[in-house]
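This briefing covers a structure made of more than one part. Please look through the sequence and the coordinates before reading on.

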Amino acid sequence: MSLSLTVNGTTREVDVDPATPLLWVIRDELRLTGTKFGCGIAQCGACTVMVNGQPTRSCVTPVDTVTGTNITTIEAVEGPEAEAVQAAWVELNVPQCGYCQSGQVVSATALLQAIPKPTDQEIDDAMAGNVCRCATYARIRSAIRQASDTLEG
Amino acid sequence: MTLIKPTRRAFLASTAGLVIAVALPQARRAAAQAQGEQNFAPDAFIRIAPDNTVTVLIKHLEMGQGANTGLASVVAEELDADWAQMRAESAPANTALYTNFAFGIQGVGGSTGMANSYMQMRKAGAAARAMLVEAAARDWGVDASAITVEAGTLTGPDGQTGTFGDFAEAALDSEVPADPALKDPSEFKLIGQKLTRLDSPGKTDGTSEFTIDIYLDGMETVAVLHPPKFGATVASVNDAAALEVPGVTRVAQIPTGVAVYGTNTYAAFQGRDALEVEWDESGAETRSSAEMAQVWAEAARGEAREVEASGDIKAAFADAATTHEAEFVFPFLAHAPLEPLDGVIQLGDGEAEVWMGSQLQTVDHGTLAGVLQIDQANVALNTMYAGGSFGRRATPASHFAAELANVASAAGPGAYKLLWTRENDIRGGYYRPLTVHHLRGALDADGKITGWQNTIANQSIIAGSPFEQMMQDGLDPTSYEGSTNMPYDWPAHRVSWARMESGVPVLWWRAVGHTHTAYSTETFLDELLEMGGQDQVQGRLDLISAEAGRDRAVLERVADMAGWSGPGTGDRRMGVALHESFGSYVAMIAEVEDRDGHPFTTKVWCAVDCGFAVNPDVVISQMEGGIGFGLGTTLYNEITIEQGGRVRQSNFDQYRMIRIYDMPQIEVAIVNSQNDPSGVGEPGVPPIAPAMANAWRSLTGATPRRLPLQDAGV
Ligand code: FES
Ligand code: FES
């Protein structure tokens, strides 16, 4: 079935089963591979994308529920928050294996877009859905704080 | 993992000369090869391109441990390169060129990556530098000794300057120095400094390519259904419903189960769910893990094979004023790397190309060729970034490579991506072995420890595997490593091992035997010290033998960092642990509080001596990650095998991962003993569990004897 999907500012027709999780449409059809598969049941956050600015687990989001929305993947997160987050991530050497980090960056960017100066509790709450098996959490926290500081200045 | 070291010398001796490649435009390289310019084995370790980039080919899998950054920084140091011009690339599978000297094959594990490459990469960098200098000397008509190199720029005596790229081609005509001069460590500019990881930008903007990200023309995605019990096999398959799923192209029975091929991932997954399979369970392991734990415990209480002993252990217990005894049960554990196991294969006629996060390339390469029945020379194996491993991608049985090859063979020429789901992973076996320890301690009237006895029961990881030759006189050191060679001097001690058998495949899991031995030894010792009225830090220092200076130094350092003055008396208590693994010495103090009956670790201090710290920031990040990994496991993780043989857990909803809110604050100090670099990927894991448990005992009066804590009713 043909559906119309707006991803990273471009609207495209995709011919898929409407129940297909958004994750597999993004990856298999659109070949945007920054968004990852870790669990398939909304437990790990590796598949996080923004749907109308909201961090969303694409692995459990049927594609036909997001037609008409604006979907943003790691490939196109942009703006001052995204830049600050990615700069802090690189400067603090956050990634280890890196597999979770697209999802972490999308969640962190969405957090700072909503709350430019989050408390430690707000950071923990916003990032609670993103598992890092390499446990880079200490640096994720530091990088979000650093990004938040640079945004202020 | 611990692998035999005796072969190391043999391999070093047999490693002929150094091979360096200086990149050339393809045509010229081919011409150079055709002309038999033997000195340049293209693509061995270093490629310097005319665009002035320096690419280091990394022979070890990058799975997060920082191999790319680490090895590239060592090359850059001796080359006097600018860090910004450095790149890293995974080396192809080629045992002759990329052997890990610790194993004699291409592969990485046991935190050996830096240790075995440090000198090799330094020499490669120094040789390349000498060749560039020689090329510049020829071009400028000056003496090579008059040329200096700094941050990627060559400078001649009359102010001539050039980049590496300028001389990349001319350097081809330089002699490869057999024994290039190396820097004195005091001259290091990059080694020992914090550097930006080479893989950070791509892993932050989503452009880094993992195996799962490969899409080939016409590629089918393949999902597999494995038997529900270890040792079961397919009896019959009804694939009618699966074949009706739109996008499913075929179903094939393979030795490990049933494979479903689809034009996209969702189709393959849906097709797999629609399979109806009857299993032959006649050869299956049907015992529950609880039942096995009982059998293991009985063995640990009985006589077992002695692996290390000193003094008169019988007398120590006969003469003891007090004795103490404890039994510990450690569960099966899944590695659960965040990228599930996956591989891509392009099968042609008599040739194949494979992409996967292979940690033991030599073994996987041979397996692929064997199963495909294609000459190994015609099978190319490309190593991709791995989304974590923790030992999971280093399977001596090479079962994943074999399954990938079988998936391709069953379907014939074409491109296939085999993608495990999380359920395949959690239920797929190759676990950290279920282990039971039985410890006994003897104290004299003064509270001094006079006898120490530890009996360990578990399955052998290496017995029956292609690494079987690592067994030492029937003993598998990976089963009990860390319970032997302890830094403490006891008047008498005895460590024994009982080898258990089950149908559950087991594997090394980040820090291997140390994952359980550090816990039992460091919590039991803590209890004995308390019984003897001794302080847990000073008591350890008093026991540490004269030879164990590195253990002493990290323990003293961590006590200092935490301001240790005993476990404390308030709501937050401290616990300490000390453990050496893979040649690195780590001491930790954890500060823990009781949150609604559960331990919450607020802060961890960590002192590590990993010899000379090549990349200090990588060392710190590996300690941080090791602490989080160890803590989450201790709190939440176990694989439970139900009565009948099914695995209870299947995904992260039941196999719970540590999350950001569980993470303590961490402070790491590197104690530089100036010894040769040793590994850091694993040694951060073992001490955190006992440090946390010791603090928890101070709060509650009891050491959790059965992990995880959540299972122990904590
Ligand atoms: S893959 Fe979507 S949350 Fe794990
Ligand atoms: S960096 Fe490996 S899972 Fe997060």
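The model is predicted. In it, 45 residues of chain A contact 48 residues of chain B. Chain B has 714 residues, of which 56% are buried, and chain A is assigned two domains, domain 1 (2-76) and domain 2 (80-152).

**Interface between chain A and chain B**

- The contact involves 45 residues on chain A and 48 on chain B.
- Five helices of chain A each supply at least two residues to the side that touches chain B: H1 (22-29), H2 (80-91), H3 (101-114), H4 (120-127) and H5 (137-152).
- H5(A) gives the largest share of that side, with five residues.
- Sorted by class, the side of chain A that touches chain B holds 23 nonpolar, 13 polar and nine charged residues.

**Overall fold of chain B**

- Chain B contains 18 helices and 24 strands.
- Its radius of gyration is 27 Å, close to the 27 Å from the globule rule for 714 residues, so chain B is as compact as a globular protein of that length.
- Along the principal axes, the C-alpha atoms of chain B fill a box of roughly 85 × 70 × 45 Å.
- Of the contacts in chain B with a separation of 6 or more, 78% join residues 24 or more positions apart.

**Nonpolar cores**

- The largest nonpolar core has 242 residues, and those with the most contacts inside it are B:Val56, B:Val260, B:Val558, B:Met588 and B:Cys606.
- Helix H5 (residues 113-140) of chain B gives the most to this core, namely 14 residues.
- Leaving out residues up to four places away in sequence, B:Met588 touches B:Val558, B:Ala577, B:Val604, B:Trp605, B:Cys606, B:Pro687, B:Ile688 and B:Ala691.
- A second, separate core has 13 residues, among them B:Ile449, B:Ala492, B:Leu528 and B:Leu529.

**Domains of chain A**

- The domain assignment places residues 2-76 of chain A in domain 1 and residues 80-152 in domain 2.
- The centres of domain 1 and domain 2 of chain A, taken over C-alpha atoms, are separated by 21 Å.
- Between these domains of chain A, 15 residues of domain 1 are in contact with 12 residues of domain 2.
- Strand E3 (48-51) and strand E4 (54-57) of chain A each supply at least two residues to the side of domain 1 that touches domain 2.
- The largest share of that side, three residues, comes from E3(A).
- By class, the side of domain 1 of chain A that touches domain 2 has seven nonpolar, seven polar and one charged residues.

Terms used: Residues are numbered from 1 along each chain as its sequence is written. Chains are lettered from A and ligands numbered from 1 in the order in which they are written. This is a predicted model: local features need pLDDT of at least 70, side-chain atom pairs count only at pLDDT 80 or more; totals for chains, interfaces and linings use all residues. Two residues are in contact if their C-beta atoms, placed from the backbone, lie within 7 Å. Helices (H or I, at least four residues) and strands (E, at least two) are DSSP runs, numbered from the N terminus. Ala, Val, Leu, Ile, Met, Phe, Trp, Tyr, Cys and Pro count as nonpolar, Asp, Glu, Lys and Arg as charged, and the others, Gly among them, as polar. The radius of gyration is taken over C-alpha atoms; the globule rule is 2.2 Å times the number of residues to the power 0.38. A residue is buried if 20 or more other C-beta atoms lie within 10 Å of its own, exposed if 12 or fewer, and partly exposed in between; C-beta atoms are placed from the backbone. A nonpolar core is a set of buried Ala, Val, Leu, Ile, Met, Phe, Trp, Tyr and Cys residues joined through C-beta atoms within 7 Å. Domain bounds come from an automatic or database domain assignment.
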